[in-house]
Every structure is written in C-alpha cells, then in structure tokens.
Amino acid sequence: ILYPIVYALPLYLYCGYIDGRSGVGVWLNRRGIEFGIISGFVFLSLAYGFYLIYGDVFLSETYFYHITRADTKHNFSPYFYMLHLSQHSTLLPLIGIIAFLPQLVLIAFTGFTFYRHIELAVFLQTAVFATFNKVVTSQYFLWYLSILPLLIPHSTLSIRTAVNMFSTWIVAQMLWLFPA
C-alpha cells in the first residue's frame, strides 16, 4: 500500500513530460493533477475501506509497524548491524525513524531525476525503497526484480554479463544466508 506514495513523484512528472511540457510546466500539468486526484482518492478509499473492516490492526500492520520494526535476523539491510547493536536501547525508535531519511531523499532524487524514463524511475525507486528499508529479507529482492523485464529492451548488457551478474548475486545471497 506504500508504493502509490513511492511512485507518486515520477508518475506525476511523467504525466507532464508526455504532454510535451518542460520546466515549470512539468510541475503544473492537468493530466498529472487529474492522475494525482484519482490515485489519491483510490488510495485513500481503499485504506479507509480496509480500516473499516479491520480497524486499528490494519493501520498498525500496514503502516505503523514498519516505522518501529527492527528485525535483525536474515536481514540484508544496511542498518541491520546498527539495529542489532541497538536492540535494547531506548533510542531504537528514534534510530528507526532517522533510518527513513536516506530512503526518502533517494526516492525523491530518483523520482525527480529519472521521471522521463518511467520504467527506470519505477525500478530505481523500488530498489531504493527495498534496499534502504530497515528490514530487507530475500523476498524484498523480488519487488524490484519483477520490474527488471521492463528495462531489458533498453539494456546494453550481453547475455553472458547478465548471467554472470545474476550468478554472483545468487552466490552472495547463499553465503549471507548460510549461517542463518
């Protein structure tokens, strides 16, 4: 349910870009405003509907849990060791909130920088969102690997290089998870 928020900036700017706008026109475009209003309405309606069905449990499990979550087992996050060392600290909630700052900055940066190439923007934002999360487990990689086929037509990688990169990634993941 967070991805509509993550993708909002590049999708909004892309709406202005495909209308042939540039500069301030990219920011002030009718198609983007309509898209934002409709998307926001659908997003909020679904959230409200699920809140009516599940109550506070929905809010807790969907949104608030991710702010305070600090699982350090099987974790690929750049924050895992810091969170592991801080498990019993009273500062853990503050550390958890501060950990969102690089994620927010990078999401905004990639959205603004790459909106002209929407497939790349969505891939990068998904990768940033998953990679800079406080908890990153193996299934998180599927979030951005599922978008990778959209980039293949624009790739200049040879099949051999792609296979080598994928194999290296699989071996690295196996080595990381082996002691777990």
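# Helix packing in a predicted model

Visitor: How do the axes of helix 2 and helix 8 lie in this structure?

Guide: In this predicted model, the axes of helix 2 (residues 8-18) and helix 8 (residues 100-114) come within 8 Å and cross at roughly 15°.

Visitor: Why are helix 2 and helix 8 called roughly parallel?

Guide: Angles under 35 degrees count as roughly parallel. The crossing of helix 2 and helix 8 is at roughly 15°, and therefore the two helices are roughly parallel to each other. The crossing is also right-handed.

Visitor: Which residues of helix 2 and helix 8 meet?

Guide: Helix 2 brings Leu-9, Pro-10 and Leu-13, and helix 8 brings Ala-108, Gly-111 and Phe-112. Five of the residues in this contact are nonpolar, one is polar and none is charged.

Visitor: Which residues of helix 2 are buried?

Guide: Pro-10, Tyr-12, Leu-13, Cys-15 and Gly-16 are buried in helix 2. The buried residues of helix 2 pack against helix 1 (3-6), helix 3 (24-27), helix 4 (30-54), helix 8 and helix 9. After helix 2 comes Gly-20, with a positive phi near 85°.

Visitor: Why is Ile-107 called buried?

Guide: Buried means under 20% relative accessible area. Ile-107 has 11% relative accessibility, so Ile-107 counts as buried. Ile-107 is found in helix 8.

Visitor: What is Ile-107 in contact with, leaving aside its neighbours within four places in sequence?

Guide: Ile-107 is in contact with Val-6, Gln-125, Val-128 and Phe-129, once those neighbours are left aside. As for Ala-121, 14 residues from Ile-107 along the chain, the C-alpha atoms of the two are separated by 9.3 Å.

Visitor: Why are helix 8 and helix 9 called roughly antiparallel?

Guide: Helix 8 and helix 9 (residues 118-131) pack at an angle of about 175°, and their axes are 9 Å apart. Angles over 145 degrees count as roughly antiparallel, and therefore helix 8 and helix 9 are roughly antiparallel to each other. Among the residues making the contact are Ile-107, Ala-108 and Gly-111 of helix 8, with Ala-121, Gln-125 and Val-128 of helix 9. By class, this contact has 10 nonpolar, four polar and no charged residues.

Visitor: What makes helix 10 roughly antiparallel to helix 11?

Guide: The axes of helix 10 (residues 138-145) and helix 11 (residues 159-177) come within 12 Å and cross at roughly 160°. With the cut-off at over 145 degrees, that makes helix 10 roughly antiparallel to helix 11. The crossing of these two helices is right-handed.

Visitor: Which residues of helix 10 and helix 11 meet?

Guide: Ser-138, Phe-141 and Leu-145 in helix 10 meet Trp-169, Gln-173 and Leu-177 in helix 11. Four residues of this contact are nonpolar, two are polar and none is charged.

Visitor: How many helices and strands does the protein chain have?

Guide: The protein chain has 11 helices and zero strands. Of its 180 residues, 31% count as buried. The chain exposes about 11800 Å², and carbon and sulfur atoms supply 73% of that area. The C-alpha trace spans about 55 × 50 × 30 Å along its principal axes.

How values were computed. Residues are numbered from 1 along each chain as its sequence is written. This is a predicted model: local features need pLDDT of at least 70, side-chain atom pairs count only at pLDDT 80 or more; totals for chains, interfaces and linings use all residues. Side-chain values use heavy atoms; hydrogens and water are left out. Axes are lines fitted to C-alpha atoms, for helices over the stretch in contact, and angles run from 0 to 180 degrees between N-to-C directions. Helices (H or I, at least four residues) and strands (E, at least two) are DSSP runs, numbered from the N terminus. Angles under 35 degrees count as roughly parallel, over 145 as roughly antiparallel, 65 to 115 as roughly perpendicular and the rest as oblique. A crossing is left-handed if the near helix is turned anticlockwise from the far one by less than a right angle, and right-handed if clockwise. Contact means heavy atoms within 4.5 Å. Ala, Val, Leu, Ile, Met, Phe, Trp, Tyr, Cys and Pro count as nonpolar, Asp, Glu, Lys and Arg as charged, and the others, Gly among them, as polar. Buried means under 20% relative accessible area, exposed over 50%, partly exposed in between (1.4 Å probe, protein chains only). Accessible areas come from the Shrake-Rupley method with a 1.4 Å probe; for residues, only the protein chains shown count as cover.
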